[in-house]
Amino acid sequence: MRKHILTLVGALALAANVSPAMAADFSDPDWPCVQRKVPHLSVGQMWAGPPIGEADLSAWRKDDRVAGLAPVLAVRRTAEEQADSLIGEFSETHAEDRNRALSLLFAGAFTLIERERSEIISGIGRYARTQTALAAGIDALQTELAELQALAEPNFDQQDRMEELEDKVHWDTRIYKDRQQSLTYVCETPVILEKRAFALARMIQGRLD
């Protein structure tokens, strides 16, 4: 049992140390994802309609019609089919200033998606640092346990300490593995949000005059 735990811990610690180096973004040692780290999106990357300036990224909030719809479009629980329908209805009710209204609508949805995405990326960095610290802690426990197991005749206190270390190693390893599995999903979220922004841009641009 002890040998099994030590072998497992060693593999997990090694994975934690290697993971950042294997990530696509070599400039950030805290980035654990296979996907390249792109801290911020640019409107120009996905919007081919009328120019959207910096002022527009806040001006959309002043238009009650846009401010009401943009958050609905930005959230992932709004299906793309529903979003497309809502954009169509919005476009029909803004015939006089359609292009301007649609541009502000995308500015609003983009701003909200970008904010959520940036928060998630920052959270991923903190998550990865916690994992690295946890792996280092497991490695330290493993080292202490191996030293005690190497004793020819450990005393009572040392035997108690070995049992304590084995329990701690087992529990921390379980936490590490659970968090590592969750990290796979978390790493996909910025990509999902980027795809949603592109999809909304395509839908909204399709209603431009």
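Modeller: A nonpolar core is a set of buried Ala, Val, Leu, Ile, Met, Phe, Trp, Tyr and Cys residues joined through side-chain atoms within 4.5 Å. Buried means under 20% relative accessible area, exposed over 50%, partly exposed in between (1.4 Å probe, protein chains only). This is a predicted model, where local features need pLDDT of at least 70, side-chain atom pairs count only at pLDDT 80 or more, and totals for chains, interfaces and linings use all residues. Residues are numbered from 1 along each chain as its sequence is written, and side-chain values use heavy atoms, with hydrogens and water left out.

Biologist: Which residues have the most contacts inside the largest nonpolar core?

Modeller: Contact means heavy atoms within 4.5 Å. The largest core holds 39 residues. Those with the most contacts inside it are Leu73, Ile87, Leu105, Phe106 and Leu200.

Biologist: Which helix gives this core its largest share?

Modeller: Helices are DSSP runs (H or I, at least four residues), numbered from the N terminus. At least two core residues come from each of α2 (43-46), α4, α5, α6 and α7. The largest share, 14 residues, is supplied by α6.

Biologist: Which helices do the buried residues of α5 pack against?

Modeller: Helix α5 spans residues 80-92. Its buried residues are Ala83, Ile87, Gly88, Phe90 and Ser91. They sit on the same side of α5, because their arc (of directions from the helix axis to the C-beta atoms) is only 165°. They pack against α4 (64-74), α6 (98-149) and α7 (156-205).

Biologist: How far apart in sequence are the parts tied together by Cys33 and Cys187?

Modeller: A disulfide is a pair of cysteine sulfur atoms within 2.5 Å, and Cys33 and Cys187 form one with S to S at 2.0 Å. Cys33 counts as buried at 1% relative accessibility, and Cys187 does at 7%. Cys33 lies in the loop between α1 (2-22) and α2, and Cys187 in helix α7, so the parts they tie are apart in sequence by 154 residues.

Biologist: Is that disulfide left-handed or right-handed?

Modeller: The torsion about the S-S bond of Cys33 and Cys187 is about -75°. The disulfide is therefore left-handed.

Biologist: Over which residues is the pLDDT below 50?

Modeller: pLDDT is the predictor's confidence in each residue, from 0 to 100. The chain averages 86, and 87% of the residues score at least 70. Where pLDDT is low, the predicted coordinates should not be read in detail. The pLDDT is below 50 over residues 1-25.

Note on methods
Expected span 1.5 Å × (residues − 1).
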